[in-house]
Amino acid sequence: MTAATPLPLVQTPNALAQALRPWRADGLRIGFVPTMGALHEGHLSLLDQARAQADRVVVSLFVNPAQFAPGEDFAAYPRTLDQDAALLAARGCDLLYAPDARVMYPKGFATTIRLEGPALGLETDFRPDFFAGVATVVTKLFNQVRPDVAVFGEKDFQQCLVVKRLVADLDLGVEIRTGPTLREPDGLAMSSRNAYLSAAERAIASRLNRVLAEAASRAAPGEPAARIEADAVRALQAAGFSSVDYVAVRDAADLSAFEAVVDRPARVLGAAWLGRTRLIDNLPALPGAKF
Ligand code: AMP
């Protein structure tokens, strides 16, 4: 087996612009996958999708302080740059962009994006500034990379809708694609945060997916959403989750709530804690309902 070519790494917007210039001059289509690193197969599947959509692919790796609240896991978040670079090189990434927080948020930085629509509720009820941090960094990264197409994971379903809204509302001119959630064999959604789980917690973690799947199977038209949600919360508590932030059956198009499920694509979304680890997941909730 031949070793993969070393992956070019740039760490400032200027170095990035220089690396991109020849591609732009050649009229190449640029794909982009933003990540916080500690890469797993889920991230790499988005890279595969970006490669299929573009001539060159940039992956960014930036643990964005603006999307962590005080007391959240910013300091503990896994940072594995060398391993990530090797995985990306082997999978055909063309350029790794790993800026420093001081470069992204220099002294005097004073701008954030205020969101409504799909950003309201769910994650925002528990992480009030999270999507403002995400939208701000995504906008900065889009302006720096200026990709033709960017790929996001449905694992963060609400985030996908927020990013699509952001791009449409602020005329960012980037085509947004989404990729399905990659899972461990027992159904647990792959996540960089799974590394935090103890063996005992890991044994419980896959129940999140199973409980959401059970809720999704009950979400037939006419069924009261609140009853499905309350039963799922109880099932998660019984399975050993230390607390449940939410389980919600929502309209898949805009995350609006139903009193009773209607005959439109729906989504079941959930967030729950195992000790100090917060897990999220979501599934389509009506047969044939596609995102
Ligand atoms: P993160 O590094 O967690 O910010 O995630 C970077 C991108 O990878 C986001 O678009 C996520 O939605 C996506 N992603 C995270 N986990 C998965 C997964 N298990 N399957 C597919 N995409 C994922």
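Buried means under 20% relative accessible area, exposed means over 50%, and partly exposed lies in between, using a 1.4 Å probe and protein chains only. By that rule, seven of the eight residues of strand β9 are buried, so β9 is largely enclosed by the rest of the structure. This is a predicted model, in which local features need pLDDT of at least 70 and side-chain atom pairs count only at pLDDT 80 or more, while totals for chains, interfaces and linings use all residues. Residues are numbered from 1 along each chain as its sequence is written, and side-chain values use heavy atoms, with hydrogens and water left out. Helices (H or I, at least four residues) and strands (E, at least two) are DSSP runs, numbered from the N terminus.

**The parallel sheet**

- Strands of a sheet pair through backbone hydrogen bonds, either parallel or antiparallel.
- Here two strands count as paired if DSSP finds at least two bridges between them.
- Six strands make up an open sheet with parallel pairing, in the order β1-β4-β3-β2-β5-β6.
- At its edges stand β1 (9–10) and β6 (175–179), each with a single partner strand, so one side of each has no neighbour in the sheet.
- Six bridges connect β2 (residues 30–35) with β3 in the parallel sense, and F32 has V58 in β3 as its bridge partner.
- Strand β5 (residues 149–153) runs parallel to β6 and is joined to it by five bridges; V149 stands opposite E175 in β6.
- From β5 the chain passes through helix α7 (residues 157–169) to β6, a β-α-β crossover that is right-handed. Right-handed means that, with the strands pointing away from the viewer, the path from the first strand over the helix to the second runs clockwise.
- Helix α1 (residues 13–25) lies across β1, β2, β3 and β4 (95–97), and runs at about 155° to β4. For such angles, axes are lines fitted to C-alpha atoms, for helices over the stretch in contact, and the angles run from 0 to 180 degrees between N-to-C directions.

**The antiparallel sheet**

- Three strands form a second open sheet, ordered β7-β8-β9, with antiparallel pairing.
- Its edge strands are β7 (243–251) and β9 (277–284), each of which pairs on one side only.
- On average, neighbouring strands of this sheet are turned by 10° against each other, direction ignored.
- Strand β8 (residues 266–274) is joined to β9 by eight bridges, and the two run antiparallel.
- W273 has R278 in β9 as its bridge partner, and L274 stands opposite T277 in β9.
- The hairpin of β8 and β9 has two residues between the strands, and G275 there takes a positive phi near 60°.
- Helix α10 (residues 225–239) lies across β7 and β8, at about 150° to β7.

**Aromatic rings**

- A pair of aromatic rings is described by the distance of the centres and the angle of the planes.
- Rings of Phe, Tyr and Trp (its six-membered ring) pair if their centres lie within 6.5 Å; planes under 30 degrees apart count as stacked, over 60 as edge-to-face, and the rest as tilted.
- The structure holds eight aromatic pairs.
- In one of them, the ring centres of F62 and Y105 are 6.2 Å apart and the planes stand at 35°, so the pair is tilted.
- F62 lies in the loop between β3 (56–61) and α3 (81–90), and Y105 in the loop between α4 (101–104) and α5 (123–126), so the pair ties together parts that are 43 residues apart in sequence.
- F62 is buried at 5% relative accessibility, and Y105 is buried at 17%.
- Y105 also pairs edge-to-face with F109, at 4.9 Å centre to centre and 90° between the planes; F109 is partly exposed at 34% relative accessibility.
- F32, F142 and F152 make up one aromatic cluster.

**Charges over rings**

- A charge sits over a ring if NZ of Lys or CZ of Arg is within 6 Å of the ring centre and within 35 degrees of the ring normal.
- K140 has its charged end over the ring of Y105, 5.9 Å from the centre.
- R79 lies over the face of F74, 4.8 Å from the ring centre.

**The surroundings of A98**

- A98 is placed in the loop between β4 and α4 and is buried, with a relative accessible area of 9%.
- A98 and S60 are 38 residues apart in sequence, and 5.7 Å apart in space from C-alpha to C-alpha.
- Neighbours within four places in sequence aside, A98 is in contact with L9, V10, Q11, L61 and L81, where contact means heavy atoms within 4.5 Å.
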